[in-house]
Amino acid sequence: MITTNYLVIGSGIAGLTFSVKIAEKFPERRVVIITKSNEEESNTKYAQGGVAVVLDSKKDSFKKHIEDTLIAGDGLCNRDVVEMVIKEGPKRLKELMSWGANFDEDTTGNLDLGKEGGHSEYRVVHHKDITGFEIERALLKRAHQLSNITILPHHFAIDLITNHQLYTIETKTLSCYGAYVLNQINGQIFTIKANNTLLASGGIGCVYGHTTNPIIATGDGIAMAYRAKAKIKDMEFVQFHPTALYEAKGESSFLISEAVRGFGAYLRSSDGHRFMPDYDERAELASRDIVSQSIDSELKKSGDTHVFLDCTHLDIKAFKNHFPNIYEKCLEHHINIEIDWIPVVPASHYLCGGIDVNKEGKTSIINLFACGECSRTGLHGANRLASNSLLEALVYAHNIYKYHSEHLYKSEEIIIPNWSDEGTSIAKEHILIQHNLKQLQALMRNYVGIVRSNNRLNKAIKHLDLIYCEVEDLYKESKLTTTLCELRNMINVSHLIIKQSLERKENKGGYYNIDNVKK
């Protein structure tokens, strides 16, 4: 057993920012960070855009950024939270830069501000098109300089420890005491007892198979919190990116930037028909949700797995200058954009909902906090504004740190039972896990995708129940593996998305149900 002041589950921008801040302020307190892959692997690393911050006081203002965020959130943002996050932004960015994060500058030496969809002004701070990678690098470097931070890569959190696991505590309020953790290298399961636990475990993209997220984005933190009886909210709001490179195996996909359509590329169905003008007068330049819904509609009509992005009519020399990375990536996949169309498909990109938290990052369970994409703060409402997510993680990591700086807590004298896997055996049928995973991802894409209906959602519940029963049996009789635990987590997350989709009676932001359209 490991005992620590703070257990942080996840090593992206949310988990690392909190860890660095608390470890700097309290050198005598111990922080343990666990992460199920390499320490640098996280959704943060793949964030291409940047951090949206108001820095140009002549042209921009907090008021404008607040309005842009409220418009994107389609009436479901918490205005207090939006104002707090945006006004804190510049301070938090400064801090990140003091830890060594580098951002692009213009010819005058000022930060080069980019503009993205939904923003009325230039305010996105970036590092080329790999901003997340640079932030992750700087934070990890700083974390390694602090002797009271321990990072445990290849360690997977199985379940949170709450009153349910303790036979001795009888109270009406739930508290968290740490987590059971699987060492993925030797297969041992052990206890980490913590005074406070922070879930910073990222998104859920892999639930849909086609995703712009890395393969680790399986919703583990949300599923653990749900099983521990924490409040989960707004799970129906999954943001899809319209054009990810289609790969038959349907795993993490490379993003084909929306700027390619801005450059003049056409979307075509497999028979060559340019279909976007049929849906919107802006054609390929319509907003992200409309393009995604239109592609989805075409795929449902044709039964095809993907559509195509046609760049063959464009100035290829100019294209290579603008998009060298995309050009090279296509060549790696034997696609020469001068003569070939690029196969694309909408891919799950970002979850706007998650574990419900207050402004201090507190969940509904005592001593359990959540930050980053796994949390639901009220900032994003029904649809996230581009580049607000890294900002949210920075601000909430600071708020959680501030809360812990100001509140003393007592270490609980409790006895936590060891994890028991008595009566289990090593699963011989790994194929069962893979089969159920593929079934689950196909179910979510086809029944709970971009355009939903009550009929499909209700059918999805029945299909999901079958998968759930088979996987629970497997879970009870097998020695645990990462893939089995991830599948179980994805089933929990899918259940939440379906259930909360059926509860929503009005289309908002990224949620569209054809039965909610007023006739």
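Buried means under 20% relative accessible area, exposed over 50%, and partly exposed in between (1.4 Å probe, protein chains only). This is a predicted model, where local features need pLDDT of at least 70, side-chain atom pairs count only at pLDDT 80 or more, and totals for chains, interfaces and linings use all residues. Residues are numbered from 1 along each chain as its sequence is written, and side-chain values use heavy atoms, with hydrogens and water left out.

**Stop 1: K21.** Select K21 and E95. Their side chains form a salt bridge, 2.5 Å from N to O (a Lys or Arg side-chain nitrogen within 4 Å of an Asp or Glu carboxyl oxygen). K21 sits in helix α1 (residues 13-25) and E95 in helix α3 (residues 79-98), 74 residues apart. Helices here are DSSP runs of H or I, at least four residues, numbered from the N terminus. K21 is buried, at 4% relative accessibility.

**Stop 2: helix α3.** Now pick R79 and E83. They pair at 3.0 Å between the closest N and O atoms. Both lie in helix α3, 4 residues apart, about one turn. E83 is partly exposed at 23%; R79 is partly exposed at 41%.

**Stop 3: D280.** Move to D280 and R282, a salt bridge at 3.1 Å, N to O. D280 is buried at 13%, whereas R282 is partly exposed at 42%. Next, select K21, E88, K91, R92 and E95: salt bridges with shared partners join them into one network. The whole structure has 28 salt bridges.

**Stop 4: cysteines.** There are 0 disulfides (cysteine sulfur pairs within 2.5 Å). For C371, the nearest cysteine sulfur, in C374, is 7.6 Å away. C371 is buried at 1%. Finish at C469, partly exposed at 45%. Its sulfur lies 18 Å from the closest cysteine sulfur, in C485, too far for a bond.

Key
Helix = DSSP H or I, 4+ residues; strand = E, 2+ residues; numbered from the N terminus.
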